[in-house]
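Open your viewer and get ready to click along. We will go from one selection to the next and look at what is there.

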Amino acid sequence: MNQIIDPFNRHITYLRVSVTDHCNYRCHYCRDEDHQTHTTRSEVLAFEEIVRIVGLFAELGVTKVRLTGGEPLLRKDILDLTKMLGDIPGLTDIPLSTNAHLLSSFAEKLKSHGINRVNISIDSLIPERFKEITRDGDLARVIKGIDAAIAAEMNPIKLNMVVMKGVNDEEIESMIDFAIDRGLDIRFIETMPIGLAGIEALDRHYSEKEILERVYKKYGNKLIAKDSKQTDGPAKSMLIEGTNTSIATISAVSNHFCASCNRVRLTAKGDLILCLGQKDSVSLRDAVRSKMNDEEIKNLIIKAITKKPEKHFFSSDIDNISNRQMVEIGG
Ligand code: SAM
């Protein structure tokens with residue numbers, strides 16, 4: 001068995017791995033105001049455990065593993081993990097999602113470990129607003145991190161902006177200009193109702209339709225649709241003619257992209273989550289800390305994936321997902 005296909009004929013090839021649920025930023029749509037992380041070292045998967053689990057997924061046909069968090073660069077000795085992951089046969093793509101606060105001192109080493117591409121969260125180019133959204137983030141450091149990733153020749157570098165009505169929506173155009181100036185891609189994300197913070201953020205929801213109206217107004221005849229094979233998962237992507245920048249939207253609320261969902265998530269504590277909108281999970285930490293052998297754990301994974309739901313129903317599942325914090329799942 002070297003592939004996992006769920007009951008809806010989706011081929012699971014993508015695992016998102018949260019390496020820590022600690023984050024140095026506290027974006028107000030991502031975690032509740034009073035949310036604290038108390039996770040202890042022994043509760044989170046050790047690197048050897050992550051590598052064993054990822055290796056089993058790779059044997060089951062997973063080729064892409066994204067490192068996320070919390071903030072992945074906060075995990076102590078993260079470069080040891082990236083090196084170990086780079087040695088797993090079958091993995092062809094190991095991107096990283098980061099807030100870039102620490103990226104300037106990591107970019108080059110990450111690149112040398114095969115982390116060729118990076119997604120960077122940046123919701124505003126106005127320092128005070130950035131500080132407010134992230135509850136004390138430092139925009140200058142993030143831009144320094146972005147420039148370090150460019151200098152390390154990571155490619156593509158994708159900027160992720162969560163667009164919120166009345167908070168930062170007026171910056172859509174300036175964010176595109178920033179991306180074009182640096183030759184980066186930009187993705188506009190709708191707020192998702194995960195956790196109380198995400199549910200509250202729905203009040204400021206800015207839809208994909210509204211985002212695209214603004215994009216078309218500015219770049220209409222210069223936008224060239226990328227074919228879906230060139231695009232990354234749920235993002236619908238367009239190249240701006242004459243630039244190296246593509247624009248994409250991720251609209252988990254306006255549109256279901258569930259039919260093409262090829263991903264599952266592993267939390268820092270080792271829970272396998274099959275869908276952001278589903279409460280159920282399976283503890284792979286218990287599995288790797290038990291006497292189960294590799295074949296037994298692979299069978300557990302295959303069985304878990306039979307429970308991957310056909311679609312998320314954020315509105316009706318709100319009770320299921322209100323206790324989850326995005327910072328714990330990794331986006
Ligand atoms: N710290 C890393 C970062 O900043 O990218 C990785 C973790 S963060 C949880 C991953 C992504 O989830 C970020 O792009 C963030 O903006 C997004 N995110 C968090 N909460 C969200 C929400 N309620 N709706 C939409 N996107 C969200």
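Select Asn9 to begin: this residue is exposed, with a relative accessible area of 66% (buried means under 20%, exposed over 50%, partly exposed in between, with a 1.4 Å probe and protein chains only). Asn9 sits in the segment before β1 (14-18); helices (H or I, at least four residues) and strands (E, at least two) are DSSP runs, numbered from the N terminus. Its phi is positive, about 65°, although Asn9 is not a glycine.

Before you click on, note that this is a predicted model: local features need pLDDT of at least 70, side-chain atom pairs count only at pLDDT 80 or more, and totals for chains, interfaces and linings use all residues. Residues are numbered from 1 along each chain as its sequence is written, and side-chain values use heavy atoms, with hydrogens and water left out.

Now pick Asp136, in the loop between α4 (127-133) and α5. Here too phi is positive, near 100°, in a residue other than glycine. Asp136 is exposed, with a relative accessible area of 56%. Next, go to the peptide bond from Asn155 to Pro156, which is cis, with omega near 0°. Pro156 lies in the loop between α5 (139-151) and β5. Why stop at such places? Most residues other than glycine have a negative phi, and most peptide bonds are trans.

**The ligand**

How many residues surround the ligand? There are 20, and the closest are Tyr29, Gly70, Glu71, Ser121 and Met192 (a residue counts as near if one of its heavy atoms lies within 4 Å). This shell divides into six nonpolar, twelve polar and two charged residues; Ala, Val, Leu, Ile, Met, Phe, Trp, Tyr, Cys and Pro count as nonpolar, Asp, Glu, Lys and Arg as charged, and the others, Gly among them, as polar.

Zoom in on Met192: one of its backbone N or O atoms lies 2.8 Å from a nitrogen atom of the ligand. At Glu71, an N or O atom in the side chain is 3.1 Å from a nitrogen atom of the ligand. Taken alone, the ligand exposes 550 Å², and the protein buries 94% of that (areas come from the Shrake-Rupley method with a 1.4 Å probe).

**Salt bridges**

A search of the whole structure finds 16 salt bridges, each a side-chain nitrogen of Lys or Arg within 4 Å of a carboxyl oxygen of Asp or Glu. Select Lys298 and Glu59, whose closest N and O atoms are 2.6 Å apart. This pair links distant parts of the chain, with Lys298 in helix α10 (residues 294-305) and Glu59 in helix α1 (residues 47-59), 239 residues apart.

Move to Arg214, which forms a salt bridge with Glu173, the closest N and O atoms being 2.8 Å apart. Glu173 lies in helix α6 and Arg214 in helix α8, so the pair ties together parts that are 41 residues apart in sequence. Arg214 also forms a salt bridge with Asp169, at 3.8 Å between the closest N and O atoms.

**Last stop**

Finish at Thr267, in the loop between β10 (263-266) and β11 (271-273). Thr267 is buried, with a relative accessible area of 8%. Not counting residues up to four places away in sequence, Thr267 touches Ser18, Leu45, Ile273 and Glu328, where contact means heavy atoms within 4.5 Å.

Note on methods. Polar contact = N/O pair within 3.5 Å; in protein donor to acceptor, adjacent residues only side chain to side chain.
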